[in-house]
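Here is a friendly walk through one protein chain. Have a look at the sequence and the fold, then read on.

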Amino acid sequence: MNASGDELAPEVRAILDAARERPGGDTRVTVDARSFSDAVDAAVADGRVPIISEVKPTSPTTDGVRDDDPVELAREMVAGGATALSVLTEPDHFGGSTDSLRRIRDAVDVPVLRKDFIMREEQLDVVESDLVLLIARFVGEDLPALVEAARERGFQPLVEVHTRDELVAALAAGADIVGINNRDLGKLEVDLGTFEELAPEVPDDVLLVAESGVKTVEDVRRMREAGADALLVGTAIMDGNVRENTHSLSTST
Ligand SMILES: O=P(O)(O)OC[C@@H](O)[C@@H](O)c1c[nH]c2ccccc12
């Protein structure tokens with residue numbers, strides 16, 4: 001387990017340094033969450049591939065910034081058939097904001113994932129969302145306590161892993177929604193083989209999300225064949241017409 005941040009790409013190290021300093025909230029939030037698992041079931045019943053479309057204005061691996069209204073982007077993604085949304089709230093490196101998340105969640109009726117680098121319990125208390133991301137590599141041995149803290153508030157934790165050891169830690173912490181990140185945060189390289197390698201180790205009753213590097217209809221099929229219950233797609237949807245991009249990936253059976 002690597003919670004100290006060594007062997008990370010310099011961009012990622014800077015993100016973590018900023019994340020550690022970011023304040024939490026003073027009062028505990030209580031969320032009445034929209035069920036992710038119900039949303040996935042409804043999409044499948046409707047013949048759609050469950051896509052989590054990500055509102056990501058920029059990132060260390062993207063050129064330029066997309067400065068359209070995030071609420072409008074979110075609405076378009078839902079109109080294109082998104083099962084859920086992921087909203088970056090990290091302000092310094094991804095152009096995100098908790099205010100965008102709040103406004104987006106008010107404007108749509110699908111579950112919304114808060115995409116951030118949460119390191120401490122109080123950082124859960126800054127905004128409501130349906131799901132929260134917890135990154136196994138970064139929270140290390142605090143993972144079980146953070147999973148529990150998230151659930152106590154009503155959040156559905158999505159635990160992100162990239163290696164077998166992190167997957168074991170996520171399952172031991174009781175995660176029932178697991179994201180396998182195809183992007184190596186050490187080198188920032190993407191390899192869809194990561195998902196294919198780890199997915200067979202995940203029990204069937206865990207909702208399994210393939211994260212990062214999914215660009216084409218072929219990639220969607222590949223991840224589905226390897227066992228993805230849902231796919232989290234950012235760059236390939238943010239690049240161009242977000243409604244058409246979401247539609248094309250979610251109808252690619
Ligand atoms: O843009 P992509 O390659 O489709 O990836 C989306 C998402 O998986 C990626 O943004 C991501 C995965 N884990 C993260 C943790 C923090 C910030 C961002 C991420």
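A residue counts as buried when its relative accessible area is under 20%. This is a predicted model, and by that cut-off Leu-188 is buried, with a relative accessible area of 17%. Leu-188 sits in the loop that joins strand 7 (183-184) to strand 8 (189-190). Its phi is positive, about 65°, although Leu-188 is not a glycine.

Ser-212 is another residue to look at: it is not a glycine, yet it has a positive phi of about 75°. You will find Ser-212 in the loop between strand 9 (207-211) and helix 10 (217-225). Ser-212 is buried too, at 15% relative accessibility.

## Helix 3 and its surroundings

Which residues of helix 3 (residues 70-79) are buried? They are Pro-70, Val-71, Leu-73, Ala-74 and Met-77. Viewed down the helix axis, these buried residues fall within an arc of 160°, so they line one face of helix 3. In an α-helix there are 3.6 residues a turn, so residues three or four places apart point the same way.

Among the elements covering the buried residues of helix 3 are strand 1 (51-55), strand 2 (84-88), helix 5 (98-107), helix 11 (235-238) and helix 12 (242-250).

Now for the ends. Asp-69 caps the N-terminal end of helix 3, with a side-chain oxygen 3.2 Å from the backbone nitrogen of Val-71. Gly-81 follows helix 3 and has a positive phi, near 105°.

## The annotated domain

An unreviewed UniProt entry annotates residues 7-249 as "domain: Indole-3-glycerol phosphate synthase". Over residues 7-249 the chain is 40% helix and 18% strand, and the end C-alpha atoms lie 34 Å apart.

Key. Residues numbered from 1 in each chain as written. Predicted model: local features only at pLDDT ≥ 70, side-chain atom pairs only at ≥ 80, totals over all residues. Heavy atoms only, no water. UniProt positions renumbered as here; feature names shortened; annotations may be inferred. Helix = DSSP H or I, 4+ residues; strand = E, 2+ residues; numbered from the N terminus. Buried < 20%, exposed > 50% of the residue type's maximum accessible area, 1.4 Å probe, protein only. Arc of directions from axis to C-beta. Contact = heavy atoms within 4.5 Å. Polar contact = N/O pair within 3.5 Å; in protein donor to acceptor, adjacent residues only side chain to side chain.
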